[in-house]
Amino acid sequence: MKLVTAILRPHRVADVRAALTTFGIHGMTISQASGYGMEVWRTSSYRGRRFHDESVSNVRMEVVVDDADAEDIVNVILSSAASTASGAGKIWITPVVSLTRVRTGERGMDAI
């Protein structure tokens, strides 16, 4: 099993979620994330004061899939979230050693 994690801009989440659902993925974890990469920090103003915004709001999407589907999932995310803008996101794959469904005690691929 593999954990596919994607950090994306918030306005891309609906498209990625729809594409993953079409592919057959019906469960995922979506959470708010913030951080920064190589993009230039932005200057913003709040109540008349200017400040440097050192982090960018993003969304973290995580999906556990079969080993054979991991690269296909990455391609689905890439095609539905594609952008040429700096800071468009990252995707990575991590091995999953064990997975257990809490409600039923099912393990491995049966727990997905």
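Author: Along the sequence, the protein chain runs in the pattern β-α-β-β-β-β-α-β. That comes to 2 helices and 6 strands. Keep in mind that this is a predicted model. The chain has 112 residues, and buried ones make up 25% of them. Now consider contacts between residues at least 6 apart in sequence: 73% of these join residues at least 24 apart.

Start with helix 1, residues 13-23. Which of its residues are buried? In helix 1 they are Val13, Val16 and Leu20. Seen down the axis of helix 1, these buried residues fall within an arc of 70°, so they line one face of the helix. Turn to the face pointing away from that buried side. There helix 1 carries the exposed residues Ala14 and Thr22. What does the buried side meet? The buried residues of helix 1 pack against strand 1, strand 2 (29-35), strand 5 and helix 2. Just after helix 1 comes Gly24, with a positive phi of about 115°.

Now zoom in on Leu20, a residue of helix 1. Its relative accessibility is 1%, and buried means under 20%, so Leu20 counts as buried. Set aside its neighbours within four places in sequence. Leu20 is then in contact with Ile25, Met28, Met61, Val63, Ile73, Val76 and Ile77. Take one of these partners, Ile73. Leu20 and Ile73 are 53 residues apart in sequence, yet their C-alpha atoms are 7.4 Å apart in space. Ile73 is also among the buried residues of helix 2.

Helix 2 covers residues 70-81, which is 12 residues. From first C-alpha to last, helix 2 reaches 17 Å, close to the 16 Å expected at 1.5 Å a residue. Its buried residues are Ala70, Ile73, Val74, Val76, Ile77, Ser80 and Ala81. Down the axis of helix 2, these buried residues fall within an arc of 160°, so they too line one face of their helix. The face of helix 2 turned away from the buried side carries exposed Glu71 and Ser79. What do the buried residues of helix 2 pack against? They meet strand 1 (2-8), helix 1, strand 5 (56-65) and strand 6 (89-95).

Strand 1 is on the packing lists of helix 1 and helix 2. Look at Thr5, which sits in strand 1. Is Thr5 buried or exposed? Its relative accessibility is 0%, so Thr5 counts as buried. Leave out residues up to four places away in sequence. Thr5 then touches Arg60, Met61, Glu62, Lys90, Ile91 and Trp92. Met61 is also one of the contacts of Leu20.

Strand 5 also has a part in the largest pocket. Strand 5 gives the most to its lining, with 4 residues. The largest pocket holds about 330 Å³ of space. Its lining has 19 residues, and Gly27, Met28, Val63, Val64 and Ile112 lie nearest the centre. By class, the lining has 10 nonpolar, 5 polar and 4 charged residues.

Terms used
Residues numbered from 1 in each chain as written. Predicted model: local features only at pLDDT ≥ 70, side-chain atom pairs only at ≥ 80, totals over all residues. Heavy atoms only, no water. Expected span 1.5 Å × (residues − 1). Buried < 20%, exposed > 50% of the residue type's maximum accessible area, 1.4 Å probe, protein only. Arc of directions from axis to C-beta. Contact = heavy atoms within 4.5 Å. 1 Å grid on protein atoms, 1.4 Å probe; cavity = no way out; pocket = protein on both sides within 12 Å on 5 of 7 lines; lining within 4 Å. Points joined across faces, edges and corners; volume = space filled by probe spheres on them. Nonpolar A, V, L, I, M, F, W, Y, C, P; charged D, E, K, R; others polar.
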